[in-house]
Amino acid sequence: MVISYLKSIRYLNLLLLSILFWGLMIHQYQRELIPELDHFWLFTAILFTTICGYQINNYYDIPTDKINQKAIDKLNESFYLKSYFLHFFFSFLVLFISDLAGQWFLLIMFTHLALIAYSARIKNWPLLGNIIIAILCSILVIIPEGLNKASFNFEDFNLAKNTNMVYVSFCFALTLIREIIKDMEDINGDKAVNSKTLPIILGIKSTKFILGICSVGIFYVIINCLLASPKSWEFVIFFVLVISLLIFFIYRLIKANEQASFKELSKLIKFKFLTATIWLYFISFYHEFT
C-alpha cells in the first residue's frame with residue numbers, strides 16, 4: 001500500500017519540485033533574503049497542494065488509466081478522495097500555523113480551485129489544460145522571487161541578473177511541451193472518454209510538428225540568453241548542457257512514434273529540469289566559497 005501511495009503522489013516529481021524550489025530559494029538567500037520558518041511552512045503547503053492535484057487527477061483519470069495501463073494497484077476512487085481531502089486539510093493547516101500574509105492563503109486556494117477545474121473538465125479541452133498546468137508550475141518557480149519582495153522586472157535574458165525569471169520562462173515552455181507529450185502518450189484512453197486534447201484534434205504528426213516549432217523557439221531564446229549572460233566557465237557549463245539536451249530532445253521527438261517513445265520524451269524533459277536545478281546549487285555554492 002505504501003508503494004502504491006508513493007506512486008499515486010508521483011514522489012519523484014515531488015522530489016524534483018522540492019530540489020528546484022529550494023535551489024531557487026538558496027539563490028535568493030544569497031541576495032539578502034533572510035531564511036525564515038515561514039518559508040518552510042509555505043513550501044509544505046505547496047507540497048500538500050501538489051499532492052491534492054495528483055490525487056484528484058487520479059480520481060478522474062481512473063477510466064483512462066485502465067485503458068492506458070497506468071492504473072495503480074490496490075487504489076480506488078474512495079482512496080483518492082480520502083487522500084485528497086486529507087492533504088487539502090494539511091495544506092491549510094500549515095498556513096494557519098505560520099505567520100504568512102493572507103495573499104499566500106489566496107494563492108493556495110486559487111491553486112486548489114484551478115487543479116479541480118483542470119482535473120474535472122479542462123484537461124479534456126485542447127491546449128487550455130496544458131497551459132493551466134504550465135502556469136501553475138511557473139508560479140512555483142516565481143515564489144522565491146516573490147518572497148524576496150522583488151518587483152519582477154524582467155530586463156533581459158541575462159542568467160546572472162535574472163536567474164529566477166529566466167527559469168520561470170523556461171519552466172512554462174518546457175512544462176507546456178511535456179503536458180502535450182503526456183497527452184500524446186495517453187491518446188488511446190483519452191479517445192475512449194471523448195476527450196478533445198490537442199493530439200486527438202490534430203493528430204500525432206501535426207502535434208509533433210507544433211512541438212518541434214516550440215522547441216526551435218526555445219533554442220532561439222537559449223541562444224539569446226547565452227549572448228546576454230556572462231561568458232565565465234560556470235555559465236558556459238550551463239548552456240552547453242542545456243543546448244545539448246535540447247538538441248537531443250528534438251532528435252528524439254522526430255523519431256518518436258509510439259507510446260513508449262513519448263514516455264521517454266517526458267522523462268527527458270524531467271532530466272532537463274534536474275540538470276538546470278543541479279546547476280543552481282552548483283552556482284550558489286561556488287559563489288559562496290569563492
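This is a predicted model: local features need pLDDT of at least 70, side-chain atom pairs count only at pLDDT 80 or more; totals for chains, interfaces and linings use all residues.
Which side chains meet in a salt bridge at 3.0 Å, N to O?

Residues are numbered from 1 along each chain as its sequence is written, and side-chain values use heavy atoms, with hydrogens and water left out.

**Exercise 1. Describe the overall build of the protein.**

Step 1: start with the elements. The protein has 13 helices and zero strands; helices (H or I, at least four residues) and strands (E, at least two) are DSSP runs, numbered from the N terminus.

Step 2: turn to the dimensions. Along the principal axes, the C-alpha atoms fill a box of roughly 55 × 50 × 30 Å. A compact globule of 290 residues would have a radius of gyration near 19 Å, and the protein agrees, with 19 Å. That radius is taken over C-alpha atoms, and the globule rule is 2.2 Å times the number of residues to the power 0.38.

Step 3: look at surface and interior. The accessible surface comes to about 14700 Å², and 67% of it belongs to carbon and sulfur atoms; such areas come from the Shrake-Rupley method with a 1.4 Å probe, and for residues only the protein chains shown count as cover. Buried residues make up 49% of the 290 residues. Here buried means under 20% relative accessible area, exposed over 50%, and partly exposed in between (1.4 Å probe, protein chains only).

Step 4: check the contacts. Among contacts with a separation of 6 or more, 75% join residues 24 or more positions apart, where contact means heavy atoms within 4.5 Å.

**Exercise 2. Find salt bridges and say which parts of the chain they join.**

Step 1: recall the idea. Side chains of opposite charge can pair when their charged atoms come close. A salt bridge is a side-chain nitrogen of Lys or Arg within 4 Å of a carboxyl oxygen of Asp or Glu, and a search of the whole structure finds five of them.

Step 2: settle the opening question. The pair at 3.0 Å is Glu264 and Arg252. Glu264 lies in helix α13 (residues 259-288) and Arg252 in helix α12 (residues 233-255), so this bridge ties together parts twelve residues apart in sequence. Glu264 is partly exposed at 44% relative accessible area, and Arg252 is partly exposed at 28%.

Step 3: go on to Lys123 and Asp61, whose side chains meet at 2.3 Å, N to O. This pair links distant parts of the chain, 62 residues apart: Lys123 is in the loop between α6 (102-120) and α7 (128-147), and Asp61 in the loop between α3 (37-60) and α4 (62-67). Lys123 is buried at 12% relative accessible area, and Asp61 is buried at 15%.

Step 4: Asp186 lies in the loop between α8 (163-185) and α9 (187-192), and Lys70 in the loop between α4 and α5 (77-97), so the bridge ties together parts 116 residues apart in sequence. Asp186 is buried at 15%, whereas Lys70 is partly exposed at 31%. Lys70, Glu185 and Asp186 are linked in a network of salt bridges.

**Exercise 3. Is Tyr84 buried or exposed, and what does Tyr84 touch?**

Step 1: Tyr84 is found in helix α5.

Step 2: read its accessibility. Tyr84 is buried, with a relative accessible area of 5%.

Step 3: list its partners. Leaving aside neighbours within four places in sequence, Tyr84 is in contact with Cys52, Gln55, Ile56, His112 and Ile116.

Step 4: Thr49 is buried at 3% relative accessible area. Beyond neighbours within four places in sequence, the contacts of Thr49 are Ser91, Ile108, Thr111, His112 and Leu115.

**Exercise 4. Which residues form the nonpolar patch on the surface?**

Step 1: name the members. Val2, Leu6, Tyr11, Leu12 and Leu15 form the patch, with about 480 Å² of accessible area together. Patches are made of residues with over 30% relative accessible area and no salt bridge: like charges are joined within 9 Å, nonpolar side chains (Val, Leu, Ile, Met, Phe, Trp, Tyr) within 5 Å.

Step 2: trace the members to elements. Those giving two or more residues are α1 (2-8) and α2 (11-29). Helix α2 supplies the largest share, three residues.
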